[in-house]
Amino acid sequence: MEWKGRRQSGNVEDRRGATGGKVVGGGIGVIVIALLVMVLGGDPMAVLSGAGQGSSVAAPAGPGIDDEGREFVSVVLADTEDVWKDLFKKMGRTYQEPILVLFGGEVESACGYANAAVGPFYCPADNKVYIDLAFYSDLKDRFGAPGDFAQAYVIAHEIGHHVQNQLGISRKVQQMKGRVSEEEYNQLSVRLELQADFYAGVWAHHAHQTKGVLEPGDLEEALQAAAAIGDDRLQKQAQGYVVPESFTHGTSEQRMRWFQKGWESGRVEDGDTFTARRL
Ligand SMILES: [Zn+2]
């Protein structure tokens, strides 16, 4: 991906190196975050199991450290601002720019308290995307999805959740919680996640069209990342078997396909995963 020397967003909040957030010792905040956050492909239970240890960790990295990582996410975030501002304008709406929070180890959000195990997430209550850049090493080493465009896809997916929040889509899904069976709610959650993948593809389409940001192999990197964090593959890795009813993000094949659909179409209205017959 061509990113060096391009515009960086001013909406990056660097909390790395902030000494250890508040110690809440688990409790309601953590449970709330497990329910509320829209994670990329992580396991909400990871937040819960990580809770209660009450350790206050000072992250080793701080502002000024790992500046290449910070520069990279700032450029990608700026690209998402440009694309979505334009697309919202065409829909007769105004795009509210989200904040991207860099954290190290653990973080406090309006959705509660989280540790890095949950993976990057979006909190609809404060319109912020949270990411610990260490996740990118995981993506490469644990999930086998290296490359800068794989990393850009991760941000574009979380921004996709912000778009859903702005369009009122996530609220509608949230409202169904408790009104439908758990299995049905998981189905809705899958549709929401696949739409965020579609929106990531829409972003890539326009970013490339207006700025030519993709280099050969970039699309494959994003698709590889989408595949790597599909529920089926994650479950198989974690427990050795797959339970489709418990999927909340979609299979690897579905995630790749919806990203690709967005990339090919570039049209927000083509991404209605909620009425799609085939997911
Ligand atoms: Zn997600």
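A salt bridge here is a side-chain nitrogen of Lys or Arg within 4 Å of a carboxyl oxygen of Asp or Glu. The structure holds 19 salt bridges. This is a predicted model, in which local features need pLDDT of at least 70 and side-chain atom pairs count only at pLDDT 80 or more, while totals for chains, interfaces and linings use all residues. Residues are numbered from 1 along each chain as its sequence is written, and side-chain values use heavy atoms, with hydrogens and water left out.

**Overall make-up**

- The protein chain has 10 helices and seven strands; helices (H or I, at least four residues) and strands (E, at least two) are DSSP runs, numbered from the N terminus.
- Of its 279 residues, 52% count as buried, where buried means under 20% relative accessible area, exposed over 50% and partly exposed in between (1.4 Å probe, protein chains only).
- Among contacts in the protein chain with a separation of 6 or more, 77% come from residues 24 or more positions apart; a contact means heavy atoms within 4.5 Å.

**Salt bridges**

- Asp14 forms a salt bridge with Arg70, with the closest N and O atoms 2.9 Å apart.
- That pair links distant parts of the chain, since Asp14 is in strand β1 (residues 12-14) and Arg70 is in helix α3, 56 residues apart.
- Asp14 is buried at a relative accessible area of 18%, whereas Arg70 is partly exposed at 27%.
- Glu253 forms a salt bridge with Arg257, where the closest N and O atoms are 2.7 Å apart.
- Glu253 and Arg257 are four residues apart in helix α10, so about one helical turn separates them.
- Glu253 is partly exposed, with 42% relative accessibility, and Arg257 is buried, with a relative accessible area of 18%.
- Glu253 also meets Arg278 in a salt bridge (3.8 Å, N to O).
- Arg278 lies in the segment after α10 and Glu253 in helix α10, so this pair ties together parts that are 25 residues apart in sequence.
- Arg278 is exposed, with a relative accessible area of 56%.
- Salt bridges with shared partners join Arg6, Arg7, Asp79, Glu81, Asp82 and Lys211 into one network.

**Packing of α3 against α7**

- Two packed helices are described by the angle between their axes and the distance between the axes.
- The axes of helix α3 (residues 67-90) and helix α7 (residues 182-211) come within 9 Å and cross at roughly 95 degrees; axes are lines fitted to C-alpha atoms, for helices over the stretch in contact, and angles run from 0 to 180 degrees between N-to-C directions.
- α3 is therefore roughly perpendicular to α7, given that angles of 65 to 115 degrees count as roughly perpendicular, under 35 as roughly parallel, over 145 as roughly antiparallel and the rest as oblique.
- On the α3 side the contact is made by Val76, Asp79, Thr80, Asp82, Val83, Trp84 and Leu87, and on the α7 side by Tyr199, Val202, Trp203, His206, Ala207 and Lys211.
- By class, this contact has eight nonpolar, two polar and three charged residues; Ala, Val, Leu, Ile, Met, Phe, Trp, Tyr, Cys and Pro count as nonpolar, Asp, Glu, Lys and Arg as charged, and the others, Gly among them, as polar.

**Disulfide**

- A search of the whole structure finds one disulfide, defined as a pair of cysteine sulfur atoms within 2.5 Å.
- The disulfide joins Cys111 to Cys123, at an S to S distance of 2.1 Å.
- The torsion about the S-S bond of Cys111 and Cys123 is about 95 degrees, so the disulfide is right-handed.
- Cys111 lies in the loop between β4 (106-109) and β5 (112-115), and Cys123 in strand β6 (residues 121-123), so the pair ties together parts that are 12 residues apart in sequence.
- Cys111 is buried at 1% relative accessibility, and Cys123 is buried with a relative accessible area of 0%.

- Trp258 is found in helix α10 (residues 252-265) and is buried, with a relative accessible area of 2%.
- Leaving aside residues up to four places away in sequence, Trp258 touches Leu194, Asp197, Phe198, Asp270, Gly271, Thr273, Ala276, Arg278 and Leu279.
- The C-alpha atoms of Trp258 and Gly201 are separated by 7.6 Å, although the two residues are 57 residues apart along the chain.
- Helix α8 (residues 218-228) is mostly covered, with nine of its 11 residues buried.
- The buried residues of α8 pack against α5 (148-166), α9 (231-239) and α10.
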